[in-house]
Each structure stands twice: as C-alpha cells, then as structure tokens.
Amino acid sequence: MTDAEESGPRTTSPGTARAERDEGAAQGDGAAAGRIRVLLAEDQGMMRGALALLLGLEDDIEVVAQVGAGDRIVAEALAVRPDIALLDIELPGRSGLDAAAELRERLPSCRVLILTTFGRPGYLRRAMEAGAAGFLVKDGPVEELAVAIRKVLRGERVIDPALAAAALSAGPSPLTAREQDVLNAAADGATVADIATRLFLSESTVRNYLSSAIGKTSTRNRMEAVRAARQNGWL
C-alpha cells in the first residue's frame, strides 16, 4: 500500500477523529503537555483567521503563530519553535516551498504540512523534495486537517491520494533550474534585455533558454510557457 493510500484524507466520524486525537496526544512526540503547537502561514486574512479559530477548537492543538507572508515563516518558527508548520505555497515575499526547505535545515524538529488551493502535481513533487511531511488541498473539512496534523506529528506522511496519483502520471518537471529562472523573470512581461540584466546573462543566452522552455512546455510563446509551467506547478 502506498503512503498516499495509507494516509490520505478520508471521511472521519467524530468518534474516530477523537480516538486518533487521543492517540496522538498520548504519544506526545515532542508536543508540550500534549498540545500540538502549530504555526500557520496563509496570506488571506479571513482564511487564516478561520483556520486558526477552527483548529483552536481542537483539545490538543494550539496555533501559536500566524503569518501572512512567506518571508516571515522561518524567523517566526525559530522564535516560537512549533511542532508543525502549516504552510500555503503561494505567499508574498517567499513561497511556502522555499520556506519548507529552509525549515528542514534550521529547525528539523518542526514538521511541515502544505495546505494549498492549488493541487498541482509539480507542487507535490517540489514539496516532498523540500522535506514536507504532508500535502493537502483546502477543499477538505477541518476535521481531516486536524487528523492530518496528528499523523504528521507521529511521523507519518499524509498526501492527498488523487494528487499523488496525478503526480506519478505527470512525471518530473522537464525544465532545468535556469529555464525556470528565466520563465519566472519573464512572468511580468519583462523584455529579453530586462531578463538578461536581472539574471546576469547575455541576451542570446536568455533567448536560448526561453526557446527551450517553450519547446518543453509545447507552447507558442514565453507567456504561454509561463502559464503552462505554473499550471503544472513547475514554477
């Protein structure tokens, strides 16, 4: 049985959810006094507040920090030392995936659970490479999220099963790191000269990278290539 099949979201009765919660609290696994300390990173204030409120209703979960920007995640985590970092991906300042990779290096005791609107196969692969222990999309009930938090704390991996299957069928990103850099720089409509200056490359090199990225994404121009790469979670 795969990780996704074993630990993916499912419909959970209140009795089962409470049993899993009690089991997680009994195991402790580093959570102070049976309370699971959670850092929440979400840029939409209403969503962030709602998640914090709902998770706070769980007997064994405490949201100890909330941030609305990706470049605040690591500093806040180092300050409050959470057990779990619940991170969105697309955040101002820095992506949740980049923050997850740094947390793995600087605060390995903190386990990362990605919670995002964008269930893209490429994002899942990048999240696992960054050391995330779980990946869920935001369309599930909060009870499932609470269960996932407890499982991640116990050292289990929790992955949305449909997304796991899609990631396996999609394969890895065909883009090189430099092609990704060039597409990211092109996303705001920058000219070849602008991109070259920004990335310290020659204009001919930028054109070569753009041409290669367009070919690999089977698109007609750089902006279509950017959209295709984003839709697949490669950027």
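Select Phe200, which sits in the loop between helix H10 (192-199) and helix H11 (203-216). Helices here are DSSP runs of H or I with at least four residues, strands are runs of E with at least two, and both are numbered from the N terminus. This is a predicted model, in which local features need pLDDT of at least 70, side-chain atom pairs count only at pLDDT 80 or more, and totals for chains, interfaces and linings use all residues. Residues are numbered from 1 along each chain as its sequence is written, and side-chain values use heavy atoms, with hydrogens and water left out.

Stay on Phe200. Its phi is near 60°, a positive value in a residue other than glycine. Most residues other than glycine have a negative phi. Is Phe200 buried or exposed? Phe200 counts as exposed, because its relative accessibility is 76%. The cut-offs are under 20% relative accessible area for buried and over 50% for exposed, with partly exposed in between (1.4 Å probe, protein chains only).

Next, select Ser218. Look in the loop between H11 and helix H12 (222-231). Ser218 also has a positive phi, near 55°. Its relative accessibility is 68%, so Ser218 counts as exposed.

Now turn to the sheet. In what order do the strands lie? The open sheet runs S2-S1-S3-S4-S5-S6, with parallel pairing. Two strands pair if DSSP finds at least two bridges between them. Strand S2 (61-67) and strand S6 (158-159) stand at the edges; each has a single partner strand, so one side of each is left without a neighbour in the sheet.

Zoom in on strand S3 (residues 84-87) and strand S4 (residues 111-116). They pair in the parallel sense over 4 bridges. Pick Leu86: its bridge partner in S4 is Leu113.

Helix H4 (residues 73-80) lies across strand S1 (36-41), S2 and S3, at about 160° to S1. Helix H6 (residues 121-129) lies across S4, strand S5 (134-137) and S6, at about 150° to S5. Axes are lines fitted to C-alpha atoms, for helices over the stretch in contact, and angles run from 0 to 180 degrees between N-to-C directions. Contact means heavy atoms within 4.5 Å.

Finally, show the whole protein. It has 12 helices and 6 strands. Of its 235 residues, 47% are buried. Among contacts between residues at least 6 apart in sequence, 68% join residues at least 24 apart.
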